[in-house]
Amino acid sequence: MRAVKYSRTGSARDVLEIVDKDRPTPGPGEVRVRIAWSGVNPSDTKSRAGARSPFMPFPEVTPHSDGAGIVDAIGDGVATHKNGDRVWVWNAAWGRPDGTSAEWVVVPAGQAVALPANVPLEVGACLGIPALTACHAVLMNGGVAGKRVLVAGGAGAVGYYAIQMARLCGASQIIATVSSDQKAALAKSAGADASVNYRSEKLVERVHELTSGAGVDRIIEVDLAANAMADFQMLAANSELVVYGSGQPEVPVPFVPGILKNIRLSFFIVYHLLPDDRAVATERLTRWLEDGALNHQIAARLELDAIAEAHELVESGKVIGNVVVSPWQGADRPG
């Protein structure tokens, strides 16, 4: 089968290559998925680039944790799946050498989730990290019903979903931070009541104006290092800062505003969600998908031969939406 691999960290064009590998066979408790689309996330490009560690976790890595396709082989002891099932895959390349940027991938059966028939497979490739991150950030700690919510990076892959989900969960006000008029329009289309351009507007002052001086009850934060100081100023008393990303590994936290406002600071990474939290988020996400309640923003659909371009698009930060690649062409593509 055709698959992407890298055996050292570095730039996409230097280290990514397409190779022929043996088609995997599922073992006990596993399923094999014929991948229609593989999702490219910032975490995939950072791992490949060596941004987290210059050391390879395995001699070779086939990247990408997210993907979607058709189950075509089932290991012993699996009663939850059958051949022909449409599924989306999560954590394929987390702690494993074999991700979804290949014609086939084998994963534990629990990591292949049924995809509703009304949802295109390329959308399924955007669920494992972007949609589940947004869903947990909205649902955790009692949810956002009746609360004022600020979504940092409201036009990003996670932010776009988070705005929609906060609206579906009854947030009383949703504010998004953006960096352009185009992104402001996208955040508004997702359901934001207002947006603030952090490049051209005074963020803290504008948020206080939009909330009549009260501040927000929850911030869903994509970059704590860039925004921590402003976040603590924008939060109301007894509020919460939910963090799923940071541009730096160590971040100073303004202790005095935090303790005087009784602010809760919550961190999580979607790869390590507790089983119960993942089950809750997956069930809610599936229900929304079945109901057609979510819009999806796919910025680029590329073939596997353009894998370096796909990584570069994600790294550039210039695309608005998700980037997916397919190891198949035309009529050969599952779905």
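Which residue forms a salt bridge with R2? The partner is D305, and the closest N and O atoms of the pair are 2.9 Å apart. By salt bridge I mean a side-chain nitrogen of Lys or Arg within 4 Å of a carboxyl oxygen of Asp or Glu.

Before I continue, a note on the basis of these values. This is a predicted model, in which local features need pLDDT of at least 70 and side-chain atom pairs count only at pLDDT 80 or more, while totals for chains, interfaces and linings use all residues. Residues are numbered from 1 along each chain as its sequence is written, and side-chain values use heavy atoms, with hydrogens and water left out.

The structure holds 16 salt bridges. R2 lies in strand 1 (residues 2–5) and D305 in the loop between strand 14 (298–303) and helix 11 (307–316), so this pair ties together parts that are 303 residues apart in sequence. Helices (H or I, at least four residues) and strands (E, at least two) are DSSP runs, numbered from the N terminus. R2 is partly exposed, at a relative accessible area of 24%; the classes are buried under 20%, exposed over 50% and partly exposed in between, with a 1.4 Å probe and protein chains only.

A second pair is D98 with K21, whose closest N and O atoms are 3.3 Å apart. D98 sits in the loop between strand 5 (86–89) and strand 6 (104–108), and K21 in the loop between strand 2 (17–20) and strand 3 (30–40), 77 residues apart. D98 is partly exposed at 36%, and K21 is partly exposed at 24%.

E122 is buried at 18%, whereas R301 is partly exposed at 46%.

Which charged residue is buried yet has no salt bridge? That is D231, in helix 8 (residues 224–234). The nearest side chain of opposite charge, K261, is 10 Å away; Lys and Arg count as positive and Asp and Glu as negative, with His and the chain ends not counted. Leaving aside neighbours within four places in sequence, D231 is in contact (heavy atoms within 4.5 Å) with I219, E221, L224 and L241.

To close, I return to the salt bridges: those that share partners join K5, E17 and E60 into one network.
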